[in-house]
Amino acid sequence: MQILYSFKGGESENFSKDQKFLLHSIDNMYNLYLLIMSLLIELHKKAEDHVLKTQNKLLATTEDKNPNKKLINNEVFLLLRNNEVLQEAIEAHKITNWELDDEYVDIIFRAILASDLYADYMQTKTSTFKEDKNFLVDVFKEIIAPNEKLYEYIEDKNLTWLDDLPIINTTVLKLLKQVKANPNSRYFAPHLYKDADDKAFAIDLLKKTILNQSKLSLEIEGKTKNWDAERIARIDYVLLQMGICELQNFPSIPVKVTINEYLEIAKEYSTPKSSFFINGVLDKLVKEYQVDNKLNKIGRGLL
């Protein structure tokens, strides 16, 4: 989407550089995912260190010497900390940011300690897996994801990460919400691409959208005759081009999957009303394609 948004060439242009940038962007997005996951691991280490310092301080009280270890025993934190596949991925991608910039881990950890979420969680010394999971989900959603210092840090490290951050935060939140007590070893370290077809799809969608810009624009204009073209947000136009291209050229992808995908992207990146606009245009086109027998869906695409 970012590449198509900034693409200024025509249908006959050589866009090999754009293809390389696409693959580089996907790699970069995965690095951001690993950065956030490694932050969670570092927060758990910080919690352990906090307990040790509390126990060993000079004038430690009885309570200090026997602190509540509920946070460091949080089962979801431990799943992350002990996941060897995730650790290997972090090392392979050389994600060492928090070793150099530990102060940002401190900032977020202090915010957790000062929160009502933490106070409520620590009222007891034991918990269930569900309680541990819900606590970490709430901490991520209410403290980590919206943290301004973290946002500024990510912006400073890699400007393109800002566009990827909403997707990564949504992905991490979904993984935390759905994690089971015994997940498979790759749960927190999924492959960057599901398979070779997945990578090929990203490249094909870019190519076919660029090569069919004129045709796709005509389709959009035909369904937005009552709209001033200048009033259609550029990002909505790009999303419509991609959505229509996917409907027309990828027979194995179900119509509902395509439409829902672009509605979610619009909600995340465009205006509040964009998803309704995009849904209206794509829905009209799908009905038209069905009448004219132009969808040509096969296999899984028929679902």
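These are my notebook entries on a predicted model of a protein chain.

**Ground rules**

I count residues from 1 along each chain as its sequence is written, and I work with side-chain values from heavy atoms, leaving out hydrogens and water. Since I have a predicted model here, I take local features only at pLDDT of at least 70 and side-chain atom pairs only at pLDDT 80 or more, while totals for chains, interfaces and linings use all residues.

**Entry 1: the whole chain**

I looked up the secondary structure and got 16 helices and zero strands. Helices here are DSSP runs of H or I with at least four residues, strands are runs of E with at least two, and numbering starts at the N terminus.

Next came burial: 45% of the 303 residues are buried. My cut-offs, with a 1.4 Å probe and protein chains only, are under 20% relative accessible area for buried, over 50% for exposed, and partly exposed in between. The chain exposes about 17100 Å², and carbon and sulfur atoms supply 51% of that. Those areas come from the Shrake-Rupley method with a 1.4 Å probe; for residues, only the protein chains shown count as cover.

I also checked contacts, meaning heavy atoms within 4.5 Å. Among contacts between residues at least 6 apart in sequence, 79% join residues at least 24 apart.

**Entry 2: the cores**

Which residues have the most contacts inside the largest nonpolar core? They are Leu-43 and Phe-188, in a core of 55 residues. A nonpolar core is a set of buried Ala, Val, Leu, Ile, Met, Phe, Trp, Tyr and Cys residues joined through side-chain atoms within 4.5 Å. Several helices each supply at least two residues of this core, among them H2 (16-56), H7 (102-113) and H11 (161-178). H2 gives the largest share, 13 residues.

Skipping neighbours within four places in sequence, Leu-43 touches Phe-77, Val-105, Ile-108, Phe-109, Ile-112 and Ile-144. There is also a second, separate core of 28 residues, and Ile-244, Tyr-262, Ala-266 and Phe-277 are in it.

Val-105, Ile-108, Phe-109 and Ile-112 are buried in H7. Viewed down the axis of H7, the buried residues fall within an arc of 100°, so they line one face of the helix. That arc is taken over the directions from the helix axis to the C-beta atoms.

I checked the length of H7 too: at 1.5 Å a residue its twelve residues should span 16 Å, and the end C-alpha atoms are 17 Å apart, which agrees. The expected span is 1.5 Å times one less than the number of residues.

H14 (residues 234-249) has 16 residues that should span 22 Å, and its end C-alpha atoms are 22 Å apart. In H14, 13 of the 16 residues are buried, so this helix is largely enclosed by the rest of the structure.

**Entry 3: salt bridges**

How many salt bridges does the structure hold? I have ten, a salt bridge being a side-chain nitrogen of Lys or Arg within 4 Å of a carboxyl oxygen of Asp or Glu.

- Lys-46 and Asp-106 pair at 3.0 Å, N to O. Lys-46 is in H2 and Asp-106 in H7, so the pair ties together parts 60 residues apart in sequence. Lys-46 is buried at 14% relative accessibility, whereas Asp-106 is partly exposed at 23%. Lys-46, Asp-102 and Asp-106 are linked in a network of salt bridges.
- Asp-101 pairs with Lys-157, the closest N and O atoms being 3.8 Å apart. This pair links distant parts of the chain, Asp-101 in the loop between H6 (97-100) and H7 and Lys-157 in H10, 56 residues apart. Asp-101 is buried at 14%, and Lys-157 is partly exposed at 43%.
- Lys-267 and Glu-264 meet at 3.4 Å, N to O. Both are in H15 (residues 255-269), three residues apart, and that separates them by about one helical turn. Lys-267 is exposed at 53%, while Glu-264 is partly exposed at 48%.

Ser-274 is in H16 (residues 274-291). Is Ser-274 buried or exposed? At 1% relative accessibility, Ser-274 counts as buried. Beyond its neighbours within four places in sequence, Ser-274 contacts Asp-236 and Ala-266.

Lys-94 is in the loop between H5 and H6 and is exposed at 66%. Asn-293 is in the segment after H16 and is exposed at 61%.
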